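Load the model and keep the selection panel at hand.

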Amino acid sequence: MDGDPETLVRLLYFMKLHRAVEDRIELLYRQGKLVGAVFTGRGHEAIGVGVAGLLEADDVIFPTHRDLGAYLIKGMTPRAVFLQYLGRRDGPTRGRDGNMHMGDWSLGIGAFVSHMADTVPVAAGVAFACKHRGQPRVVVCHMGDGATSRGDWHEGLNLAAVFRLPVVYVCVNNQYAYSTPLERQMAVPRIVDRAAGYGMPVDLVDGNDVLAVREVARRAIARARGGGGPSFIECVTYRLRGHGAHDDNRYVPRDFLEAGERRDPIAGFTRALHDRGMLDEAGREELDRRIAAEVEVAWTEAERSPLPAGTDTLDGVFAP
Amino acid sequence: MVITYLEAIRQALREELQRDPDVFLLGEDIGVFGGAFKVTEGLLEEFGPERVIDMPLAEAGFTGMAIGAAMAGMRPVVEFQFSDFISCAFDQITNFAAKTYYRLGVPVPVVFRAPCGGGVHGGPFHSGNPESYFLHTPGLKVVAPATATDAKGLLKAAIRDNNPVLYLEHKYLYRRVREDVVEGDWITPLGRATVRKPGSEVTLLTYGAMVHVALDAVSQMGERGGGVEVIDLRSLVPLDRETIRESARKTGKVLIVHEAQRTGGFAGELTAVVNEEAFEFLDGPVRRVAAPDTPVPFSPPMEAFYLPSAATVAEAATGLLDY
């Protein structure tokens, strides 16, 4: 069980940083300062931060587009995130891809592609290489509930189980695939029911409780690192925004959204830290000030950074 | 030593497995069974189940797995039992393997071995030539050896390349062509065509099994065949534009032959290349011989009709000579 105040406040910091960066991105989108799509993981902060916060530097994670906190706690800076959204030359994909389609392999962050679940077998392949070389590394692969209906998800989970690969699959189940609710996606009640069929240990956890996420993820990561093969974790949460910033979410029932807001992972964790005497009001205000300042600096730097030239398009199609 | 095209592929795999511990093979029935065509026969015994790995029937899944292993620095060689089954892995190849270096700067050194082509009574699902689907995918290299020497040399080059490479090995050639192949480290560089038979009146551009059909056509043409220059492209991406340019400028007439279907086939692109590189030098239209726009049929007379033959190629070449 987590108890050390420094660790816990650090988790809250990254959850809040996730939200602050996305709040800024949504604002910029409304102001017309960003081109392209905007996807947020509002309300999902406990999952990315909870899982990725347990990884070692040479472990690898493939997050989803709702897991900004995972990118940040694994080492990507808010400045890099803004550079990516702005399509800048010095961003993680050097302007070649946009929004959350980013990664930084030197930090152990793989990038997802829009074809949901494609990363599921790819993560198994990275895990295969780690196992083959006798490296005690772990690979984590996140996906949304929607991805669990694709063939690549099923094939990837099966391969990971058959070859007992050191990989942890984490489903960010926010109960909507774009506009399609969970009950229209599958005829079983829980995603873990699908995963268990492939022969790996599964856990169902409250995705809005960062400590609960960490507890099951810690077990799964230790199992993978110890040679015990893959695991699957379903983190149930609420999608509080539309699929993207262009989507007003009107098809989601009001009581679903209200339940999600009531169970806000950041508010809940802030209260818990307060109740444990680990973070008083002054401490929380200090944390918020620090984050606001960091976001401001990151945005200012990103906005001043150069765009790529049009002709940069032609560079880097093939590796030398 | 004289070996077959199939043995040349196996020799390349064996030598690369010996040379580099990061090379490994995966695919359906490649281990215990030695592969549907026995290309990998003996390799499981020699290199063990950690490096010659039988896969479940999950082309998208094991292609994704190979991509991940390649991103982590290994050099997987995937065998698709038949190139027709590569359609199941289309998304992983075109969206993940081909775009990862461009987006992330992470190389994906993976080879997709795809036994392709007709003439073996395989019918609509075991005879295809899928190159056109993939030629339109930036970030992916595509090669098609015609000889045992190039089967070995191109495969070794593909394995050592830092990009995903689609390696189209023609099933009809497996045991039908053989030659004295250089032992040890023979590399055929990607992106270099070769002149199989020189000539100065008509350029014939082709690749894969059609190289042999073209050479048969030339010998059927007797003395007139002497004017035909047969170029084996070997590598479709990257393409050796220089060799095409030189030959087309010299002869002024170009015939393109491929086994894949006509519409959207590589001949269309090659025609445009000839126009871009040599239009002022042309003395006639660029023509093509290709399969008709149908699935590959099963029944022997239908398949014989479907496949470009030496007779149809000779007729087209003669027509151009006379133009």
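**Stop one: a sheet in chain A**

Select Met143(A) and look across to strand S3(A): Cys171(A) stands opposite. This is a predicted model. Now widen the selection to strand S2 (residues 139–144) and strand S3 (residues 167–173) of chain A. The two pair in the parallel sense, over 6 bridges.

Next, bring in the helices. Select helix H2 (residues 45–52) of chain A, which packs on the sheet. H2 touches S1, S2, S3 and strand S7 (231–236) of chain A. Its direction makes about 170° with that of S2(A). Then pick helix H5 (residues 119–132) of chain A, also packed on the sheet. H5 touches S1, S2 and S3 of chain A, and its direction makes about 175° with that of S2(A).

Show the whole sheet. In what order do its strands run? The order is S1-S2-S3-S7-S6 in chain A: 5 strands, an open sheet, parallel pairing. Strand S1 (60–62) and strand S6 (202–206) of chain A are the edges, each pairing on one side only. On average, neighbouring strands are turned by 20° against each other, direction ignored.

**Stop two: Glu259 in chain B**

Jump to strand S13 (residues 254–261) of chain B and select Glu259(B). Glu259(B) is buried, yet has no salt bridge. Lys171(B), the nearest side chain of opposite charge, is 7.3 Å away.

Which side chains make polar contacts with that of Glu259(B)? Show His170(B), at 2.7 Å. Then show Asn129(B), at 3.0 Å. Finally, display the contacts beyond four places in sequence; among them are Gly117(B), Ser127(B), Met210(B), Tyr306(B) and Pro308(B).

Key
Residues are numbered from 1 along each chain as its sequence is written. Chains are lettered from A and ligands numbered from 1 in the order in which they are written. This is a predicted model: local features need pLDDT of at least 70, side-chain atom pairs count only at pLDDT 80 or more; totals for chains, interfaces and linings use all residues. Side-chain values use heavy atoms; hydrogens and water are left out. Helices (H or I, at least four residues) and strands (E, at least two) are DSSP runs, numbered from the N terminus. Buried means under 20% relative accessible area, exposed over 50%, partly exposed in between (1.4 Å probe, protein chains only). Lys and Arg count as positive and Asp and Glu as negative; His and the chain ends are not counted. A salt bridge is a side-chain nitrogen of Lys or Arg within 4 Å of a carboxyl oxygen of Asp or Glu. A polar contact is a pair of N or O atoms within 3.5 Å; within protein, one must be able to donate a hydrogen and the other to accept it, and residues adjacent in sequence count only if both atoms are side-chain atoms. Contact means heavy atoms within 4.5 Å. Two strands pair if DSSP finds at least two bridges between them. Axes are lines fitted to C-alpha atoms, for helices over the stretch in contact, and angles run from 0 to 180 degrees between N-to-C directions.
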